[in-house]
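Here is a short report on a ligand site and on some aromatic rings. Keep the structure open while you read.

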Amino acid sequence: QPITTDMETLTKEVQKFARDKKLEIETLKIREEYRREFLGNISHELKTPLFTVQGYLLTLLDGAMEDKTIRKKYLQRADKGVERLIYIVKDLDMITKLETGDIHLEVSRFDIVEVVQNVFDLLEMKASKKKITLSFDAKYAKPIWVLADQEKIQQVVTNLVVNSIKYGNEGGTTEVGIEDLVNDRLIVRVTDNGEGIKKQYIGRLFERFYRVDKSGARSEGGSGLGLAIVKHIIEGHNEKIYVESQFGVGSEFSFTLEKTE
Ligand code: ADP
C-alpha cells in the first residue's frame, strides 16, 4: 500500500539524514580539536622567542642602552630572536600549505650534486661554529640528474643537514652520499655521528611539533616542524624517507628520488 511504503521510505530517509548529520558533526568535532591543538602548538612555539626578544628590549630600556658594547650585544640577540620567529612563521606557512594540499610540485630535471653543494655553502658557517665537517664523497662529483621539485628538494636536504649540525657533536662530521637503486631510483643519505635517537622515539620524529628532548632541542632553535616538512615533500613526490639511528652513535636520514639521463 502506497501510504505505508511512503511512511517507510520517509522513516528510512529521516534515519539516514540523522546518521549523516551525526557523522558530519563528528568530523567537525575532530577537525575542531585538530585546529585547537595546532593553534596551541603555534602559540607555544612563538612564546619562547617572543619573550627572549622582549627580555633584551626591556633590559635595554632599563638602562643597558647607555653602555655601547652591551647595547650592541643585546640588539644582536634581539635580532637573533626575531630571525628565529621568522623561521618559525615560514615553517608554519609551509606545513599549512603542505597539509592542506595547497601546494603543487614544479618538477624539472636538475643536478642533485649541485643542490647538495648549495646547501653546504649556505650551512658552512653554521657547521664551522661547532667544528663540524660537511663532507660529500668525491666520487659523486659529477652531475647526477634527477626529476623532482628542485626548490623543495633543496629544502629537504637543508632541513636534514641543519639537524645533523644541531644534534651533532662538536668536531663531528656530516656526510652526504648518493647511491643508485633499482628502477631508476637513487637514494640520498645524510649521515651524522651525533647524539643519535633512542629507539622508542623514532616512530614519532616526523610528527609536527614533535621533539625528543624538549628543553635541549629548544636551546638549539627550530620549530619542531623540520622533519614533518621533509616527510610531506618526499611523500608528495611519491618517494620514501627512512631513518636509522643509534643513541650515542649517530643518525642517518635517507630519501629516494627519480633519476634521469
Ligand atoms: P626541530 O626543530 O626540533 O629540530 P625537527 O622536526 O627537525 O624539529 O626534528 C624533530 C626532532 O627529531 C628533534 O627535536 C630531535 O629531537 C630529533 N632529531 C632530528 N634530527 C636529528 C639528528 N640528526 N640527530 C638526532 N636527533 C635528531
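## Ligand contacts

A polar side-chain atom of Asp-192 lies 2.8 Å from a nitrogen atom of the ligand. Arg-211 has a polar side-chain atom 2.9 Å from a ligand oxygen atom. Ser-223 uses its backbone: an N or O atom there lies 3.1 Å from an oxygen atom of the ligand. The protein covers 97% of the 530 Å² of accessible area that the ligand has on its own (Shrake-Rupley method, 1.4 Å probe).

This is a predicted model: local features need pLDDT of at least 70, side-chain atom pairs count only at pLDDT 80 or more, and totals for chains, interfaces and linings use all residues. Residues are numbered from 1 along each chain as its sequence is written, and side-chain values use heavy atoms, without hydrogens and water.

## Aromatic pairs

The whole structure holds 3 aromatic pairs (ring centres within 6.5 Å; planes under 30 degrees apart are stacked, over 60 edge-to-face, the rest tilted). Phe-38 and Phe-209 have ring centres 5.8 Å apart and planes at 55°, so this pair is tilted. Phe-38 lies in helix α1 and Phe-209 in the loop between α5 and α6, so the pair ties together parts 171 residues apart in sequence.

Phe-206 and Phe-253 have centres 6.4 Å apart and planes at 75°, so their pair is edge-to-face. Phe-206 is in the loop between α5 and α6, and Phe-253 is in strand β7, 47 residues apart. Phe-206 is buried at 15% relative accessible area (buried means under 20%, exposed over 50%, partly exposed in between; 1.4 Å probe, protein chains only). Phe-253 is buried too, at 8%.

Key
A polar contact is a pair of N or O atoms within 3.5 Å; within protein, one must be able to donate a hydrogen and the other to accept it, and residues adjacent in sequence count only if both atoms are side-chain atoms. Rings of Phe, Tyr and Trp (its six-membered ring) pair if their centres lie within 6.5 Å; planes under 30 degrees apart count as stacked, over 60 as edge-to-face and the rest as tilted. Helices (H or I, at least four residues) and strands (E, at least two) are DSSP runs, numbered from the N terminus.
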